Amino acid sequence: MDALDTFGRPLSDLRISVTDRCNFRCVYCMPREVYGRDYKFLERRELLTFEEIARAARVFVSLGVTKIRITGGEPLVRRDLEGLVSMLAELDVDLTLTTNGSLLPMKATALAQAGLRRITVSLDSLDDVTFRAMNDADFPVARVLDGIDSARAAGLPVKVNCVVKRGVNDGDVVEMARWFHGTGVTLRFIEYMDVGHTNGWRLDDVVPAAEIVRAIDAELPLEPSTPRTAARLHAAGASATAGARSA
């Protein structure tokens, strides 16, 4: 029996947050003024064990789930995460993970060997000053790029997510598209959005998806991907795709 949402659609995707902690303080996600030194994160005893997570996942798969995404916080700060990946890899699902990429150089091979099928990396700019300011942890962009290279070397298909905020990194959109053009990496731009009323969101900060597409198309002509969707495009002659997702 499939589990259905309130519109009667089958629920096929399951996101599993394995931790509420992160080693970044991205200004659009976990701003330091909210998630500061005194913020009370969950105690370890309050987290589900890997065995409990795997048991719950098996139940969801029996109800029709076909894709599982491991998330956080930053999931790779959870110790021995590849152990959970190996448990979930026994299920008949598309198993993927979203990460900020900071720990991928050390973890990519183990994750791939444990059975991870794909990986999504958050990367908001190739400009080091901009990226350090956005992650608010003074973390260099070069190390995230190393993580992406490590994942690809381990045989993991990679998608890159870039959150675009006007006046902050909107000028980096075209350079991001050029960087990943022809690499086989899927690049997706995401409109800056409200995340639980913690990031000081304003509509003026949003760069609409259509504007992002126009900027890229002027430099790298885009055409609809197959199957055609409203937001999924690829540069002519390239194997990679670039998507722009609205909030």
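Start by selecting residues 237–242, where pLDDT stays under 50. In this predicted model, that stretch still has 22 contacts beyond four places in sequence. Now colour the whole chain by pLDDT: the average for the protein is 89, and 89% of the residues score at least 70.

**The whole chain**

Switch to a cartoon view. The protein has 7 helices and 9 strands. Of its 247 residues, 44% are buried. Taking contacts between residues at least 6 apart in sequence, 67% join residues at least 24 apart.

**Helix α1 and Ala54**

Select residues 50–62, which form helix α1, and pick out Ala54 within that helix. Is Ala54 buried or exposed? Its relative accessible area is 5%, so Ala54 counts as buried. Show the neighbours of Ala54 next: leaving aside residues up to four places away in sequence, Ala54 touches Met87 and Leu88. Then draw a C-alpha to C-alpha distance from Ala54 to Val85; the two are 9.2 Å apart in space and 31 residues apart in sequence.

**The loop between β2 and α2**

Move to the loop that runs between β2 (67–71) and α2 (81–88), and find Gly73 there. Display the backbone atoms of Gly72 and Gly73: the peptide bond from Gly72 to Gly73 is cis, with omega near 20 degrees.

Asp80 is also in the loop between β2 and α2. Although Asp80 is not a glycine, its phi is positive, at about 60 degrees. Asp80 has 45% relative accessibility and so counts as partly exposed.

**Asp138**

A positive phi is also found at Asp138, a residue other than glycine, with a value near 55 degrees. Select the loop between α4 (128–135) and α5 to find Asp138. How accessible is Asp138? With a relative accessibility of 54%, Asp138 counts as exposed.

**Helices α3 and α5**

Select residues 104–114 (helix α3) and residues 141–153 (helix α5). Their axes come within 8 Å and cross at roughly 15 degrees. The angle is under the 35 degrees cut-off, so α3 is roughly parallel to α5. The crossing of α3 and α5 is right-handed.

Show side chains to see which residues make this contact. From α3 they are Leu104, Pro105 and Ala108; from α5 they are Arg143, Asp146, Gly147, Ile148, Ser150 and Ala151. Coloured by class, the contact of α3 with α5 shows 5 nonpolar, 2 polar and 2 charged residues.

**Helices α6 and α7**

For the last stop, select residues 173–180 (helix α6) and residues 209–219 (helix α7). The axes of α6 and α7 are 9 Å apart, and the helices pack at an angle of about 55 degrees. α6 and α7 are therefore oblique to each other. α6 passes α7 in a right-handed crossing.

Which residues of α6 and α7 make the contact? α6 contributes Val173, Val174, Ala177 and Arg178, while α7 contributes Ile212, Ala215, Ile216 and Glu219. By class, the contact of α6 with α7 has 6 nonpolar, no polar and 2 charged residues.

Conventions: Residues are numbered from 1 along each chain as its sequence is written. This is a predicted model: local features need pLDDT of at least 70, side-chain atom pairs count only at pLDDT 80 or more; totals for chains, interfaces and linings use all residues. Side-chain values use heavy atoms; hydrogens and water are left out. pLDDT is the predictor's confidence in each residue, from 0 to 100. Contact means heavy atoms within 4.5 Å. Axes are lines fitted to C-alpha atoms, for helices over the stretch in contact, and angles run from 0 to 180 degrees between N-to-C directions. Helices (H or I, at least four residues) and strands (E, at least two) are DSSP runs, numbered from the N terminus. Angles under 35 degrees count as roughly parallel, over 145 as roughly antiparallel, 65 to 115 as roughly perpendicular and the rest as oblique. A crossing is left-handed if the near helix is turned anticlockwise from the far one by less than a right angle, and right-handed if clockwise. Ala, Val, Leu, Ile, Met, Phe, Trp, Tyr, Cys and Pro count as nonpolar, Asp, Glu, Lys and Arg as charged, and the others, Gly among them, as polar. Buried means under 20% relative accessible area, exposed over 50%, partly exposed in between (1.4 Å probe, protein chains only).
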